[in-house]
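Here is a report on helix packing and a few loop residues. Please look at the model first.

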Amino acid sequence: MLLGMEIGVWIGHSIRNWVLALTAVWDAARRMGSPIGGFALGYLVVAFIFAVLFASVWRADSTAFKGLPQHPHLIDFAYYSVMTISTTGYGDVVPLSHTAKVLAAVEALIGLAWTVVVFAPYS
């Protein structure tokens with residue numbers, strides 16, 4: 001019975017430490033709610049604009065990208081745009097034309113700049 005109480009006390013202390021740590025995280029997240037929401041909205045708007053631009057480049061030159069399906073949909077370009085703006089770049093879709101490469105580079109730079117502009121005042 002004594003062992004059970006010791007285990008209960010140990011679990012209680014562990015939970016208390018986690019709750020205290022998560023409270024600090026929650027407070028920081030609550031303060032950052034508006035900037036994070038604005039950042040996400042801006043990021044998605046920029047990604048969507050570039051998805052449309054990438055689709056336009058593909059319509060003008062269907063060899064501008066490697067790795068797209070024969071008849072890509074907007075979701076294919078949105079996927080590529082999000083991978084580009086986040087600088088993840090899995091490499092399954094690759095720009096081949098100069099226009100597509102320049103657009104991809106500009107999008108990556110805008111994505112990085114957007115992150116700095118939004119979060120720099122909070123650092």
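## Terms and model

Buried means under 20% relative accessible area, exposed means over 50%, and partly exposed lies in between (1.4 Å probe, protein chains only). This is a predicted model: local features need pLDDT of at least 70, side-chain atom pairs count only at pLDDT 80 or more, and totals for chains, interfaces and linings use all residues. Residues are numbered from 1 along each chain as its sequence is written, and side-chain values use heavy atoms, with hydrogens and water left out.

## Ser 97

Ser 97 sits in the loop between S2 and H4. Helices (H or I, at least four residues) and strands (E, at least two) are DSSP runs, numbered from the N terminus. The relative accessibility of Ser 97 is 16%, so Ser 97 counts as buried. Not counting residues up to four places away in sequence, Ser 97 touches Val 57, Asp 61 and Ala 64. Contact here means heavy atoms within 4.5 Å.

## Helix H2 against H3

H2 covers residues 33–60 and H3 covers residues 74–85. Their packing angle is about 125 degrees, and their axes are 8 Å apart. That makes H2 oblique to H3. Axes are lines fitted to C-alpha atoms, for helices over the stretch in contact, and angles run from 0 to 180 degrees between N-to-C directions. Angles under 35 degrees count as roughly parallel, over 145 as roughly antiparallel, 65 to 115 as roughly perpendicular, and the rest as oblique.

H2 passes H3 in a right-handed crossing. A crossing is right-handed if the near helix is turned clockwise from the far one by less than a right angle, and left-handed if anticlockwise. From H2, the contact residues include Tyr 43, Phe 50 and Trp 58; from H3, they include Leu 74, Phe 77 and Ile 85. By class, this contact of H2 with H3 has 16 nonpolar, one polar and no charged residues. Ala, Val, Leu, Ile, Met, Phe, Trp, Tyr, Cys and Pro count as nonpolar, Asp, Glu, Lys and Arg as charged, and the others, Gly among them, as polar.

The buried residues of H2 include Pro 35, Phe 39, Gly 42 and Val 57. The 28 residues of H2 should span 40 Å at 1.5 Å a residue; the end C-alpha atoms are 41 Å apart, which agrees. The expected span is 1.5 Å times one less than the number of residues.

## Helix H3 and its partners

Which residues of H3 are buried? They are Phe 77, Tyr 80, Ser 81, Met 83, Thr 84 and Ile 85. These buried residues pack against H2, S1 (65–66), S2 (94–95) and H4 (98–119). The twelve residues of H3 should span 16 Å, and its end C-alpha atoms are 16 Å apart, which agrees.

H3 and H4 pack at about 55 degrees, with axes 8 Å apart. That makes H3 oblique to H4. Tyr 80, Ser 81, Thr 84 and Ile 85 in H3 meet Ala 104, Glu 107, Ala 108 and Gly 111 in H4. The contact of H3 with H4 has four nonpolar, three polar and one charged residues.

Pro 72 lies in the loop between S1 and H3. At 13% relative accessibility, Pro 72 counts as buried. Pro 72 and Trp 58 are 14 residues apart in sequence and 9.1 Å apart in space, C-alpha to C-alpha. Leaving aside neighbours within four places in sequence, Pro 72 is in contact with Trp 58 and Phe 77.

Thr 87 is in the loop between H3 and S2. Most residues other than glycine have a negative phi. Thr 87 has a positive phi of about 60 degrees although it is not a glycine. At 47% relative accessibility, Thr 87 counts as partly exposed.
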